[in-house]
Amino acid sequence: MQKIALITGSSSGIGLLSAVELARRNYHVIATMRDPSRRERLDKAAAEAKISDRIEVAQLDVTQPLSISHAVQQTIRNHQRIDVLVNNAGFAMAGFAEDLYLDEIRKQFETNFFGHVAVTKEVIPFMRAQKSGRIIMVTSIAGRVGQPVVGSYSASKFALEGWSEALRIELRSLGIRVVLVEPGAFETDIWVRNVEIGKLAMDASAPNHARAQRFSEFVKKNGDKGRPSAEAVAHLIGKVADHPNPKLRYVIGTDAKMALWMRALLPWKSYEKMVEKFTQIG
Ligand SMILES: NC(=O)c1ccc[n+]([C@@H]2O[C@H](COP(=O)([O-])OP(=O)(O)OC[C@H]3O[C@@H](n4cnc5c(N)ncnc54)[C@H](OP(=O)(O)O)[C@@H]3O)[C@@H](O)[C@H]2O)c1
């Protein structure tokens, strides 16, 4: 029997590459995106990999409850099951906490936290009935180690980590496994097209404008050094989907492993001084 995988945010980056990876592993993939007119890149990648017949595109915006239930119900009507859910959709809100409006921080949580909660809650009853399933949460190293200037992004990922840890224990005896995939920085659209800078943070009158400019220069300089291809993350997601008994956490990326290592090894006061100096926000 062909397994069914549903992925959110498949129009670019990790979601797109995971759709191709899972189709290569013989899953039938429901590659969802909030705007299906953006499917061209996925169609091209699927055609190159010769797996177009194993990928179908469906509309799903994780902040729109009706679009979530429609996509999930349609998948069940057409395929009767969902074996793997990849909660991947996300964006990054940037700006010093003092310069961000509360609405902007809430918006970050609506997508990166409540969006995944809503899709997961829609899918659980079907996995419960089939007595099996994998729920893969694409979180981030920013959900393990707080990162300045993207504090709201970090907080949304910390929230998802905590919720998923508890959910894993709740669902274990039902035959459903919850897994956290925690990437460091990889080459995708997230720091290009899907980064939102707070409205006030962009303004010269913002209390932290000068520090934000310095930080932005730091990001540009580091981004220019080149980030690794996100294919490695998609490959890991494929491995986790197929694993008979996956772990709770999978960290991926040298930078992510280094951050965890330094956070564990250094006393907090040394660690915070080092981050402040490295990011030039002091
Ligand atoms: N790349 C990294 O360095 C990195 C590191 C750690 C974690 N991550 C996580 O990886 C996940 C995927 O990001 P990515 O790096 O692959 O970036 P990406 O290329 O920007 O992809 C993000 C995807 O999420 C979609 N999306 C945003 N808001 C949505 C919504 N409300 N409903 C449905 N889809 C929505 C985007 O759709 P549109 O095309 O419509 O904008 C896009 O398809 C995110 O959760 C991110 O936090 C990325």
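Which residues are linked with Arg-144 in a network of salt bridges? The network takes in Glu-161, Glu-165, Glu-182 and Arg-249 alongside Arg-144. A salt bridge here is a side-chain nitrogen of Lys or Arg within 4 Å of a carboxyl oxygen of Asp or Glu, and the structure holds 12 of them.

Some ground rules: this is a predicted model, with local features needing pLDDT of at least 70 and side-chain atom pairs counted only at pLDDT 80 or more, while totals for chains, interfaces and linings use all residues. Residues are numbered from 1 along each chain as its sequence is written, and side-chain values use heavy atoms, leaving out hydrogens and water.

The cut-offs are under 20% relative accessible area for buried and over 50% for exposed, with partly exposed in between (1.4 Å probe, protein chains only).

Elsewhere, Arg-25 bridges to Glu-21, with the closest N and O atoms 2.8 Å apart. Arg-25 is partly exposed at 25%, whereas Glu-21 is buried at 11%. Then there is Arg-193 with Asp-189, whose closest N and O atoms are 3.0 Å apart. Here Arg-193 is partly exposed at 36%, and Asp-189 is buried at 15%.
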